[in-house]
Amino acid sequence: MDALLHYFTQPQNYLPLIFILVIVAVLPLLAGYVVLMERKIMADMQARLGPMRVGPHGLLQPLADAVKLLIKEDIIPEEADKVVFLLAPLISVTAAMTAYAAIPFGPGFQIAEMNIGILFILAVSSMGIFGIVLAGWASNNHYSLLGALRGAAQVVSYEVAAGLAVVTAVLLAGTLSTRQLVMAQISEQTGTGYWFIFLAPVAFFIFVVASVAETNRAPFDLPEAESELVAGYMTEYSGFRWSIFFLAEYAAMIVVASLATILFLGGWSRPFANTRVFDFMDYAPPVLLGGFGLYCLYRLLKQPAAWQKLVMLIFGGILLLLAAAVALPLTGLQLGSVSVAGWKPAIHGGFWFVAKVVAYLYFFMWIRFTFPRYRFDQLMRLGWHFLIPVSLVNIFAVAGGLIIHRQQQVGLEVAMFFATLVTLAAALLFAWLAERRPPAHAVENEF
Amino acid sequence: MADTRTTDFPNVTQTVLGADELILNMGPQHPSTHGVLRVKLRMDGERITGTECIIGYLHRGVEKIAEHRSYPQFAPYVDRMDYVAAVSNGLGYCEAVEKLMGAEAPPRARVVRTILTELQRIASHLLWLGTHALDIGALTPLFYCFREREEILKIFEKYCGARLTTHAFRIGGLLYETYDGFEEDVKRFCNDFANRVDEYETLLTSNRIWLERTKGVGIISAADAIAIGATGPVVRASGLKWDIRKAMPYAAYDQFEFDIPTGKTGDTYDRYLVRMEEMRQSRRICLQAVDNIPTGPIMAKVGKVLKPPVGEVYHSIEAPKGELGYYIVSDGTTQPYRVRVRPPSFINLQALDQMARGCLVADIVAIIGTLDIVLGEVDR
């Protein structure tokens, strides 16, 4: 007993527990608000307003949706395999949420500091495929099974391309550890000092496309699209079970966005972290959060009902508290012996990480509402005939560039520039090859 | 491979590899069949080897009803056939009865009819574009198209009181005079619309995914289209330059300048381009017409009780979906002896089988969408 107490009072042991609790508790709520964000952004792009009724500006919509899903009847198909039917969504959501263990939200804000962090994230999030296939099988529905198999095939194919793009960033940093990857992009001594997206833009592009396909988002959402014949692996799930799948999908989206942020967008670093000229951007977080908070309070005055005013007050209050928290390190106060400025990397790091993830998610949503849907064979052709060959060439090009940089003393930027050119040439070649197919012609008439 | 075309479940035949053919029912309730259309697909794996359409879920006996209504009483019924383009239906019917009676609408009525019909063509094509894009997965054009369609429906509402089933025209001309500000509204809409069509084109026309989903999908050759009797954008996209507005002008179309867009391959992409260009040409007609509305009476002298002489007439117009024709037989009484409607959607739907052969299942929704069918017209 004493040993346990001694164990858990050490910061490195109780902090991860707290983080785990925070993530498990906060993530469903966060996913709900990401859904609201998606609906509002969808509405904005479609020239309309989106949810406005439930709470001021629809801010309580996620709570209403959660309550609705919880009180729905739990239907299990009669011939379905009960155990597997119950297990499938749990596998999906566990796989998605476990990946958060290796994601650093800021310096030191990581549940598990592993030296194989990236490998862990890729491996664990791939386990989500089991959830899809088992759900399709257990539903005892012909079309669910087909949709599940298609979804699994799609995820597996694009997982390869995404993994190969990840390898590029790992090559540049020389480590699989997520924390080291971010440090390689931040510090000028041990790393490059700027984000890998500038060194390996093709890899970033491949990762973006592959991540959209991996999370079954449009334009790669044929397995779950409503206007197609096959209804998708989630059909037979209703109410709370469906919301678990939904949570798994949005958690996976956030994981993939976090992965892109760590690998290519510099993790928790401020844009232009090493350039003194851009130090004014340090004031961006408090200004943004504070401005948004004040706007919420301003809108509070326009709300007709008291409970709506309360909701806006809560939101505005939270935002202002966050703004204060973010502004604190900039003030240079001294609390006793602790200098507040020392907290800056942690607090601002958290802000910038979240901001980049949100920007990436916005990009996901932008793509979803702009493009039509790929047909399944076109989707697979894109993955296998284009993305995988290009990412393979990219790995060789980047590796070659690194060798030239190290042995011939050529600058890294120059080497990477030429590597990018080589990859782009290969991309054009593969695109042309993938486009070649026999020209379509009319079927002979039978009249 | 045997090709049975019975109305019962066809015998399941053996495909080349010895596997059974799969029969998939795209039931009357389906988000993408644009109404209550039932399509039975015969598939070899993913490829479609045959289709069978089962229609009649929206049959209301409109042609039978016509035999028991007087000519003016029947006019509201025709709106409900192609409910997406009600004004065109009304134009065809009123002009057919006028032809039967030997009457002619006065020039002012003809020009206003032209304007309203072209606005209706734009509205119908906008709805087609929105739903077609939605079926293929583009979620946003639907809302943009409906935003423009809303403007047109507002004009209709101001003119005749209804947005959808307008009953805008009367036999012999118009009932309502154009309202104050009609010309301004039409001009304002036309001026805004030019940019909007370009907006839709930006979203779709050179979009890689749209091209992959629509190019080479659902091809029908001009010869086959003519053999089926397809008309409208379906046959124009296959290369045939046939438009009744130019071939046998009616209303005031001979007074205005406009082009007939045609396509080359007859695939879904060409039909899309043809309809987009038709929207632009309709806007052109509206702009010309709205500046040149002649003054004068809006109703011909046809008398209160309509009793056309004994005889028959077939009159067709270029509706947004194709050639909409009315064959009316009169026996000299106030009620027609027979009204037969030539529904363009019904005849174009025959092309579905031809277009769907060899395509994948996911293309069916694109093909049904590109035919631009309205079940109200298919079934009547």
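**Close-up views of strand and helix packing**

View 1. Strand β2 of chain B and strand β3 (residues 47-54) of chain B pair in the antiparallel sense over seven bridges, where two strands count as paired if DSSP finds at least two bridges between them, and where helices (H or I, at least four residues) and strands (E, at least two) are DSSP runs numbered from the N terminus. This is a predicted model, in which local features need pLDDT of at least 70 and side-chain atom pairs count only at pLDDT 80 or more, while totals for chains, interfaces and linings use all residues. Residues are numbered from 1 along each chain as its sequence is written, and chains are lettered from A and ligands numbered from 1 in the order in which they are written. Two residues lie between β2(B) and β3(B) in the hairpin, and Gly45(B) in the turn has a positive phi of about 70 degrees. Across this pair, Val39(B) stands opposite Cys53(B), and Arg38(B) stands opposite Ile54(B).

**View 2. The open sheet of chain B.** Three strands, in the order β1-β2-β3, make up an open sheet with antiparallel pairing. Its edge strands are β1 and β3 of chain B, each of which pairs on one side only, and the twist averages 20 degrees from one strand to the next (angles run from 0 to 180 degrees between N-to-C directions, and axes are lines fitted to C-alpha atoms, for helices over the stretch in contact). Helix α14 (residues 361-371) of chain B packs on the sheet and touches β1, β2 and β3 of chain B, with a direction that makes about 145 degrees with that of β2(B); residues are in contact if their C-beta atoms, placed from the backbone, lie within 7 Å. Strand β1 (residues 22-26) of chain B pairs with β2 (residues 38-44) of chain B over five bridges in the antiparallel sense, and here Leu22(B) stands opposite Met43(B).

**View 3. Two helices of chain A.** Helix α6 (residues 128-138) of chain A packs against helix α7 (residues 142-173) of chain A at an angle of about 165 degrees, with their axes 7 Å apart. The two helices are therefore roughly antiparallel to each other, a term used for angles over 145 degrees. Among the residues making the contact are Ile129(A) and Trp137(A) of α6(A), and Leu145(A) and Val156(A) of α7(A).

View 4. The axes of helix α13 (residues 306-331) of chain A and helix α14 (residues 344-370) of chain A come within 9 Å and cross at roughly 140 degrees. Ala325(A), Val326(A) and Pro329(A) in α13(A) meet residues of α14(A) including Lys344(A) and Phe351(A).

Technical notes:
Angles under 35 degrees count as roughly parallel, over 145 as roughly antiparallel, 65 to 115 as roughly perpendicular and the rest as oblique. Two residues are in contact if their C-beta atoms, placed from the backbone, lie within 7 Å.
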